Amino acid sequence: MLIKYLGHSSFLIEGKEKSVVTDPFDGIGYAVKRVEADYCTVSHEHFDHNFVNGVNAKRIIRDSEDGFTAIEVFHDTDFGKKRGKTRIIKFDVDGVTFCHLGDVGENFSECLKERIGKTDVLFVPVGGNYTIDAKEAKKYIEGINPKIAIPMHYKFGKSELDIDGIEKFTAQYRDVVYKSGETEIFKDTLPKTTEIVVMGW
């Protein structure tokens with residue numbers, strides 16, 4: 001299957017059994033690429049994550065339904081007092097388990113690790129300010145131990161958001177794989193240890 005990075009926290013996963021687009025955005029300095037998908041997931045109702053009119057999706061997913069699991073978490077470290085809640089959304093495509101952390105802002109914990117469970121591909125915010133930062137993202141990756149970890153929600157190009165770029169995150173790793181805008185994965189050939197994949201667009 002193909003994973004395409006559309007920018008910010010938005011990805012398009014194109015598998016044989018279904019296609020899924022995550023967190024389409026608006027108002028951040030550049031536009032989300034209009035794509036077609038069977039499903040569109042929305043982690044929370046902020047403009048940079050819920051622009052469903054910007055994509056062509058047959059069904060919008062905001063909660064646990066139809067093979068998707070939504071896990072409610074805090075958008076900040078102060079139990080949601082600053083920014084409320086967001087959702088982690090898990091789903092399978094062609095036998096591969098994906099976990100999109102949305103705008104998670106709370107620190108990693110063993111309790112949250114148990115709620116998330118097994119994950120093959122983890123989409124993790126790294127830009128800080130509105131979400132966890134690069135250091136906390138590393139804790140999530142080490143705790144969840146996915147086969148592939150893909151950073152998102154960082155400042156790049158024409159982004160106007162007050163968040164960090166990718167450098168603070170990648171500086172923590174010796175080996176990072178860079179992809180231009182898409183990467184192809186298969187269940188039978190997933191790496192045995194966590195691979196950090198940075199995708200441009």
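Visitor: What makes A137 a residue of helix α2?

Guide: A137 lies in helix α2, and helices here are DSSP runs (H or I, at least four residues), just as strands are runs of E with at least two, both numbered from the N terminus. Please keep in mind that this is a predicted model, where local features need pLDDT of at least 70, side-chain atom pairs count only at pLDDT 80 or more, and totals for chains, interfaces and linings use all residues. Residues are numbered from 1 along each chain as its sequence is written, and side-chain values use heavy atoms, with hydrogens and water left out.

Visitor: Why is A137 called buried?

Guide: Buried means under 20% relative accessible area, exposed means over 50%, and partly exposed is in between (1.4 Å probe, protein chains only). A137 has a relative accessible area of 0%, so A137 is buried.

Visitor: Which residues does A137 touch?

Guide: Contact means heavy atoms within 4.5 Å. Leaving aside residues up to four places away in sequence, A137 touches V124, P125, V126, I132 and F169.

Visitor: How do you know that β9 and β10 pair?

Guide: Two strands pair if DSSP finds at least two bridges between them. Five bridges join β9 (residues 121-125) to β10 (residues 148-152), and the two run parallel. V121, for example, stands opposite I148 in β10. Helix α2 (residues 134-144) packs on the sheet, touching β9, β10 and β13 (195-199).

Visitor: What makes β8 count as mostly covered?

Guide: Five of the five residues of β8 (residues 96-100) are buried. V96, F98 and H100 point one way from the strand, while T97 and C99 point the other way. C99 has the bridge partner K90 and stands opposite L122 in β9.

Visitor: How do you know that C99 is in no disulfide?

Guide: A disulfide is a covalent bond between the sulfur atoms of two cysteines. The rule here asks for a pair of cysteine sulfur atoms within 2.5 Å, and by this rule the count comes to zero. For C99, the nearest cysteine sulfur, that of C111, is 14 Å away. Seen from C111, the closest cysteine sulfur is in C99 at 14 Å, too far for a bond.

Visitor: Are C99 and C111 buried or exposed?

Guide: C99 has 0% relative accessibility, so C99 counts as buried. C111 has a relative accessible area of 52%, so C111 is exposed.

Conventions:
Axes are lines fitted to C-alpha atoms, for helices over the stretch in contact, and angles run from 0 to 180 degrees between N-to-C directions.
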